[in-house]
Amino acid sequence: MIKKLQNITNKLYASGLIIGLILIWQVVCSLELVPGYMLPSPIQVIQAFINEFNVLMGHLMISLSEAFLGLGVGILVAFILAVGMDHYRGLHKSLYPLLIISQTVPVIAIAPLLVLWMGYGMAPKVMVIFLVCFFPITISLLDGFREADRDTIRLMKSMGANAKQIFWHIKLPCALPGFLAGLKVSVSYAVIGAVVAEWLGGTAGLGVYMTRVRKSYAFDKMFAVIFLVSLISLVLMKLVSLLDRKIMPYKRIQNKK
């Protein structure tokens with residue numbers, strides 16, 4: 001009961017802070033402390049969202065399809081790389097530094113090259129999303145595999161278990177918390193990556209819509225897209241949290257103790 005009250009209190013604090021910031025934003029705009037063409041008020045943003053709702057939903061479906069496709073490819077590649085590096089020490093020594101180096105290169109810097117190589121279709125956008133999504137999942141899975149209890153693995157081997165059985169019954173369950181944590185980060189990156197990739201070119205998507213309204217100085221519509229992307233990212237992260245509870249119900253029991 002005490003823990004539930006603490007959770008409610010924490011949510012109230014967060015909600016109160018958000019509402020307070022929005023009220024301050026509205027007051028600043030109402031008193032014209034910042035020119036209206038530079039900073040639209042929350043009311044204007046809401047009106048823009050309502051007026052453009054159907055258009056935004058159409059672009060959102062395009063962005064989400066790109067995001068989910070890129071995320072799916074990222075999960076698949078991350079799983080294959082993590083399993084391979086866990087099983088083969090030489091592969092780990094050769095690939096791990098490359099994975100780290102890959103994160104030092106800004107994706108936005110190589111995105112124009114991807115468009116040049118792959119065209120203006122969906123392929124370069126999926127590649128951008130893949131590049132920003134696969135790393136957190138790969139590292140989380142790999143760390144989870146490495147944290148598997150060695151004594152339990154030795155016991156399994158002494159009982160005649162093979163590598164496949166050890167992986168499915170020991171290593172994979174141990175890596176699940178890390179995988180879901182990495183997935184929670186990646187789902188937010190996926191939507192943002194889709195929008196950034198669409199800035200480079202295309203015919204539809206939230207990034208394309210943002211580019212168009214920016215050129216027409218319709219900043220209220222730009223803010224509407226920004227808040228929509230934030231909302232979608234939060235929803236996807238919440239879905240991953242629900243998946244976490246579904247897959248690992250024992251964590252709730254441990255947290256209650």
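Close-up 1. Leu113, Leu116, Trp117 and Met118 make a nonpolar surface patch of about 470 Å². Here a patch takes residues with over 30% relative accessible area and no salt bridge, joining nonpolar side chains (Val, Leu, Ile, Met, Phe, Trp, Tyr) within 5 Å and like charges within 9 Å. A salt bridge would be a side-chain nitrogen of Lys or Arg within 4 Å of a carboxyl oxygen of Asp or Glu. Areas come from the Shrake-Rupley method with a 1.4 Å probe, and for residues only the protein chains shown count as cover. Tryptophan 117 sits in helix H5, residues 107–118 (helices are DSSP runs of H or I, at least four residues, numbered from the N terminus). With a relative accessible area of 62%, tryptophan 117 is exposed, a word kept for values over 50%.

This is a predicted model: local features need pLDDT of at least 70, side-chain atom pairs count only at pLDDT 80 or more, and totals for chains, interfaces and linings use all residues. Residues are numbered from 1 along each chain as its sequence is written, and side-chain values use heavy atoms, leaving out hydrogens and water.

**Close-up 2. Two loop residues with positive phi.** Most residues other than glycine have a negative phi. Glutamate 32 isn't a glycine, yet its phi is positive, about 55°. Look for glutamate 32 in the loop between helix H1 (2–30) and helix H2 (42–51); it is exposed, at 67% relative accessible area. Tyrosine 217, also not a glycine, has a positive phi of about 60°. Tyrosine 217 lies in the loop between helix H9 (206–215) and helix H10 (219–247), and counts as exposed at 64% relative accessibility.

**Close-up 3. The second largest pocket.** This pocket holds about 490 Å³ of space. Of its 13 lining residues, Ile22, Ile46, Phe227, Leu228 and Leu231 are the closest to the centre. H1, H2 and H10 each give two or more residues to the lining, with the largest share, 6 residues, coming from H10. A pocket is an open set of points on a 1 Å grid with protein on both sides within 12 Å along at least five of seven lines, and lining residues have an atom within 4 Å of a point.

**Close-up 4. The largest cavity.** A cavity is a set of grid points where a 1.4 Å probe fits but cannot get out. The largest one has a volume of about 50 Å³. Val115, Tyr120, Pro124, Lys125, Val128, Ala197, Leu200 and Gly201 line it, and helix H6 (residues 122–146) gives the most, with 3 residues.

Key. Buried means under 20% relative accessible area, exposed over 50%, partly exposed in between (1.4 Å probe, protein chains only). Grid points are joined across faces, edges and corners, and a volume is the space filled by probe spheres set on the points.
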